[in-house]
Amino acid sequence: SSIRGPINDAKVNILGSINVLENCRRFQVNKITFVSSGGAIYGEPKHLPCDEYHPVNPISPYGAAKFTVENYLHLYKRLHGLNFTSLRYANVYGPRQDPKGEAGVIAIFAKTMLEGGNIVIFGDGYQERDYVYVSDVVEANLLAIDNETSGMYNIGTGKGTSLNEIFLQLSSIVKYDKQPIYEPSRLGDIYKISLDSTKAFKELGWKPKVSQKDGLKNTVEYLMNSK
């Protein structure tokens, strides 16, 4: 959507974030935690998994917006003493994820399978994402609250999983017997990404705990029981 509407994306993600920062300054907030995107900031990786020192080269307005806000975080730290933690999420999934949005491929696939619909994969299906379970991400946010240093942290598993693999794993859980439909890849989609979260482990004490097998089962069970 950021490619279709880059101006709106900038209004929401850049100007909206600056508005939050201005109010932090106005009301003398000590610390802010920003949700960035490890899946969009780095662009096509030069090596995998990406650590925080990997070059930043986004290939979508959304990724560019996230990086722009990180630069504003540094600026407000320097000018106004506003401490910050920027969490560069991998692909978050789990219960409560919207199965009808643009993002959230696991929820979209699982819901479609449960309803007997057709799964559409953009590209060849070998593109990889780093999928991190929602409760692990919640823990990262809680740990960030007490972190006294300002900085950026990758929040991911360090392992990439292809869309074809996700399709097969969910098909096994749901007992889905249709084949996917492949359509042309979408502009702005990174082909492969995974995140090195060593820094988060060393400085925040964070590491992922929920296995992908359990995470997928939990997500399917939630969708089966939701209305």
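## How H4 and H8 meet

Helices H4 and H8 cross in a right-handed way. What you're looking at is a predicted model, so let's take this crossing as our way in.

Two packed helices are described by the angle between their axes and the distance between the axes. H4 covers residues 105–114 and H8 covers residues 212–225; their axes come within 10 Å and cross at roughly 50 degrees. That angle makes H4 oblique to H8.

Which residues do the touching? On the H4 side they are Ile-106, Ala-107, Ala-110, Lys-111 and Leu-114, and they meet Leu-216, Thr-219, Val-220, Leu-223 and Met-224 in H8.

Now for Pro-99, which sits in the loop between strand E3 (91–93) and H4. Leaving aside residues up to four places away in sequence, Pro-99 touches Ala-107, Ile-108, Lys-111 and Leu-223. Ala-107 and Lys-111 also turn up on the H4 side of the helix contact, and Leu-223 on the H8 side. Thr-33 is another story: Pro-99 and Thr-33 are 66 residues apart in sequence and 26 Å apart in space, C-alpha to C-alpha.

Finally, the cysteines. A disulfide is a covalent bond between the sulfur atoms of two cysteines. How many disulfides does the structure hold? The count is 0.

| Residue | Relative accessible area | State |
|---|---|---|
| Cys-24 | 8% | buried |
| Cys-50 | 0% | buried |

Both values fall under 20% relative accessible area, the cut-off for buried.

Methods: Residues numbered from 1 in each chain as written. Predicted model: local features only at pLDDT ≥ 70, side-chain atom pairs only at ≥ 80, totals over all residues. Heavy atoms only, no water. Axes fitted to C-alpha atoms, helices over the stretch in contact; angles between N-to-C directions. Helix = DSSP H or I, 4+ residues; strand = E, 2+ residues; numbered from the N terminus. Parallel < 35°, antiparallel > 145°, perpendicular 65-115°, else oblique. Left-handed = near helix turned anticlockwise from the far one by under 90°. Contact = heavy atoms within 4.5 Å. Disulfide = S-S within 2.5 Å. Buried < 20%, exposed > 50% of the residue type's maximum accessible area, 1.4 Å probe, protein only.
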